[in-house]
Amino acid sequence: MTWIRTIPPADAEGELAEVYRSIAGARGAVADVHVAQSLHPKAMRAHLDLYKAVVLGRSALPRLTRERIAVVVSSTNRCAYCVAHHAAALRSLADGPALVAALAAGELPAELGAGDQALLSWARRATLDPASNGRDDLETLRAAGFDDAAILDAVLTVGYFCFVNRIVLLLGVDL
């Protein structure tokens, strides 16, 4: 499961058991990415709160768009675990298998509108080289129809998935 010792939900006690119950209640199950953090329950709880706020919470961006960003960022970071989980979410949100497969492969299909193309292209660049992004990049997103609230939500989504991708990749979380 990981390259470090973890505490499975069945063996958890105290604060960790409480955090696992909270995660299972919010998500239906405890994902391996959470178990990987079992030695630090406070961080695990903060991770869940961040996930709920950025991915599941109210947003200027539709959930479908945030899940597309998740797949593009995770594909860019070569995080197969997150690509698989969020590609499944995309399929459940009505993206077709060909579109999801293309995003998972790092492609931006022509069937996406110009706004989505601009946003996902920016998300890929922001993942690869955030320091090279500047005010002009945000103006491009504004010109594509995204207001400042949507841009902030896109930045938070890119940042969240870069964070999670690193947890998965650096701890060897298996699919």
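**View 1. The overall fold is nine helices and zero strands.** This is a predicted model, and reading along its sequence gives the pattern α-α-α-α-α-α-α-α-α. With a radius of gyration of 17 Å against the 16 Å that the globule rule gives for 175 residues, the chain is as compact as a globular protein of that length. The C-alpha trace spans about 50 × 30 × 30 Å along its principal axes. As for how the chain packs against itself, 63% of the contacts with a separation of 6 or more link residues 24 or more positions apart.

**View 2. Here's the largest nonpolar core, 40 residues in total.** Ile69, Tyr81, Leu103, Leu119, Trp122, Val158 and Val168 have the most contacts inside this core. At least two core residues come from each of H3 (41-56), H4 (63-76), H5 (80-92), H6 (97-104), H7 (114-128) and H9 (148-171).

**View 3. Zooming in on Val168 and its contacts.** Leaving aside residues up to four places away in sequence, Val168 touches Val33, Cys79, Tyr81, Cys82 and Val173.

**View 4. Now for the surface and the charges.** Of the 175 residues, 43% count as buried. The accessible surface comes to about 8,700 Å², and carbon and sulfur atoms own 56% of that. There are 17 positive and 19 negative side chains, with the centres of the two sets 2 Å apart.

Terms used:
Residues are numbered from 1 along each chain as its sequence is written. This is a predicted model: local features need pLDDT of at least 70, side-chain atom pairs count only at pLDDT 80 or more; totals for chains, interfaces and linings use all residues. Side-chain values use heavy atoms; hydrogens and water are left out. Helices (H or I, at least four residues) and strands (E, at least two) are DSSP runs, numbered from the N terminus. The radius of gyration is taken over C-alpha atoms; the globule rule is 2.2 Å times the number of residues to the power 0.38. Buried means under 20% relative accessible area, exposed over 50%, partly exposed in between (1.4 Å probe, protein chains only). Contact means heavy atoms within 4.5 Å. Accessible areas come from the Shrake-Rupley method with a 1.4 Å probe; for residues, only the protein chains shown count as cover. Lys and Arg count as positive and Asp and Glu as negative; His and the chain ends are not counted. The place of a charge is taken as NZ of Lys, CZ of Arg, CG of Asp or CD of Glu. A nonpolar core is a set of buried Ala, Val, Leu, Ile, Met, Phe, Trp, Tyr and Cys residues joined through side-chain atoms within 4.5 Å.
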